[in-house]
Every structure is written in C-alpha cells, then in structure tokens.
Amino acid sequence: MIVKCSGEYIHPYGRGFIFYTDKPWVEGEIALDDKKIQIHGQEMMDIPLISILSVDKKIALPALKEGRSSLLIEYLNIRTKERFYTLFSGEGPCIRKFKIELLKRLVSNELISHKVGDKWGKGYLRVENDFIKIVPGNYAVHLSKIDDISRRTMEIGFNRVALIRIDIGDKGTQKSMYILAPPLKRDFFWQLLKISMEDYINREILMKLSNREKLILQMLYQGWTYEQIQARLEIPENEMSDILRKLESMGIIKKVIIVNLTQRGKSVMDYLPQEDFE
C-alpha cells in the first residue's frame, strides 16, 4: 500500500453528467496501490487506475468539515461503459499526499514528446526528490530553477497542438521545456507539475518564514522600499537587517524584486497569504 487516508466519502457522487449535493457522507478509508484505488466503508470497491478519467474536476462540491480537503475521482465502469464520480474527504495533508501519489502513477507509463532548445525527444516524465526528470536519458531540472509552468499552444507541422511549457532560469540564462502529452492525460501532467511546485514553495520557502517576514516579503512585492517598510512596521534597524539577510540568503528577495523579468518571483507570491498591514 502506497498511501492510505481515513475520512468520509460519497459514492456515487454522480453518474454520467448528473451530480448529487444532498447525499450523506459515509465514514470510510481510501487506499492507493500501483494498480487501483480501494475504498472501504459501508461497501468495498476498487477503482482501477486505468479507468480514471479525471481528478478534481471543477464542479460544485458540498461543504467540508474544517481542516478537510476533498478528492473527486471520475472513472469509467469498464463493464457498463458508464461514467461514475466518487467524492472523498479527509485531513488535508493526507489527501494532498494521496493526490500527488495518484497523479504520479497516472502519468508514469504515458509516453510524451519533449523539447528543450530545438530538439524533440520521447520519454517518460517523473517528479522525484524535487526534480522533474525525463527518462530514459539524463535530463533533469530542480524545482528551484523553474520560473513558471503554463499551458500553451504551438504550431507543429500543419497542426496547432496544446502543450505544457516549463520556463527554466539558471545562472542568468533562460530556456523553456515543452511537454506534449496525450490529450486525455494532459491534465494529469499539468496537475502533477503544479502541485509539486506548490509543495516545494510551501516546504522550502513559506514554512521557513515568520509572519513578519511574510509581511515584509508581501510589502516588497507591492513596491515598498526597505526604509518605508522599516518605518511602517517600526522595526529596529538591526532586526530589519537580519530579516533582509535571511531573505536574501534564501534567494527570495531577488525572485520577488525582479518579478517583471521572471515569473519565479510571482510563483512564490501566488502561495503567500495576503497580510493586512493597513
């Protein structure tokens, strides 16, 4: 078993294109292995990974208990060819880990085309130990080097295709990597890359900052000078210097101040809670 979460579920939350909002939650457990999702509660069911059509589709969901996250799985009943939805809710960190591990397995065997520079190649995408890797081969980029992840379109031959673009900044140079994935699986790749980047920023940057340091970072992003921040927050000069040294040693100030030149600063600020200093 790769990951297991306790919580509540609604099954089916919907079928076909019909969704339910008044069905009761049932206590249960959701577990993931390399081939299927297992749900244990009033009933026991397996959802083969090969049958999953979408994860966390954007639809209206019922209210959740405080501190809980949800996971909505859309899948195809292989026997009846009917679409079903199962909604699970559990503790945020566990559900988030479950989703990451699920996405990794949904893309693991999907062959992609990738381009760095002028050369296209084929391989499999992996996200491991804060690196995005293409295998076979030795291409890998650390998440700290990524400026932005976006959805784009590109002319390839006589066709315009949808793909994922990863902007990479390293040692003053900028380059882009393009990922061309099968249309039915493209959103799984997109979600895996975005949630991996979010986790890295939260773990390696935001969780290491105090509330005051987050506020200073927010003010820098909004254009305040060091002197204005120090006066507005009434911070002693030596304390202000210590905070700035810490932020600079983490590479954050540069990323935020040059936000007009790179999206990496914006990627940090996107996950920083807005602080009220008025």
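Student: How many salt bridges does the structure hold?

Tutor: Start with the general idea: side chains of opposite charge can pair when their charged atoms come close. The rule used here asks for a side-chain nitrogen of Lys or Arg within 4 Å of a carboxyl oxygen of Asp or Glu. By that rule the structure holds 22 salt bridges. Keep in mind that this is a predicted model, where local features need pLDDT of at least 70 and side-chain atom pairs count only at pLDDT 80 or more, while totals for chains, interfaces and linings use all residues. Residues are numbered from 1 along each chain as its sequence is written, and side-chain values use heavy atoms, with hydrogens and water left out.

Student: Which residue forms a salt bridge with Asp56?

Tutor: That's Lys99, with the closest N and O atoms 2.9 Å apart. The pair links distant parts of the chain: Asp56 is in the loop between β6 (52-55) and β7 (68-76), and Lys99 is in helix α1 (residues 92-107), 43 residues apart. Helices (H or I, at least four residues) and strands (E, at least two) are DSSP runs, numbered from the N terminus.

Student: Is Lys99 buried or exposed?

Tutor: Buried means under 20% relative accessible area, exposed means over 50%, and partly exposed is in between, using a 1.4 Å probe and protein chains only. Lys99 has 15% relative accessibility, so Lys99 counts as buried. Asp56, at 23%, counts as partly exposed.

Student: What about the salt bridge of Glu74 and Arg83?

Tutor: Their side chains meet at 2.8 Å, N to O. Glu74 is buried, with a relative accessible area of 2%, whereas Arg83 is partly exposed at 33%.

Student: Where do Arg212 and Glu239 lie?

Tutor: These two side chains meet in a salt bridge of 3.3 Å, N to O. Arg212 lies in helix α3 (residues 211-221) and Glu239 in helix α5 (residues 237-249), so the pair ties together parts that are 27 residues apart in sequence. Both count as partly exposed, Arg212 at 36% and Glu239 at 32%. There's also a network: salt bridges that share partners join Asp34, Glu101, Lys104 and Arg105.

Student: Which residues form a disulfide?

Tutor: A disulfide is a pair of cysteine sulfur atoms within 2.5 Å, and the count comes to one. Cys5 and Cys94 form it, their sulfur atoms 2.1 Å apart. The torsion about their S-S bond is about -100°, so the disulfide is left-handed. Cys5 lies in strand β1 (residues 3-15) and Cys94 in helix α1, so the pair ties together parts that are 89 residues apart in sequence. Cys5 is buried at 1% relative accessibility, but Cys94 is partly exposed at 23%.

Student: How many aromatic pairs are there?

Tutor: A pair of aromatic rings is described by the distance of the centres and the angle of the planes. Rings of Phe, Tyr and Trp (its six-membered ring) pair if their centres lie within 6.5 Å; planes under 30 degrees apart count as stacked, over 60 as edge-to-face and the rest as tilted. The count comes to three aromatic pairs. One of them, Tyr13 with Phe19, is tilted: 6.5 Å centre to centre, with 45° between the planes. Tyr13 is buried at 0%, and Phe19 is partly exposed at 31%. Ring pairs link Tyr13, Phe19 and Tyr85 into a cluster.
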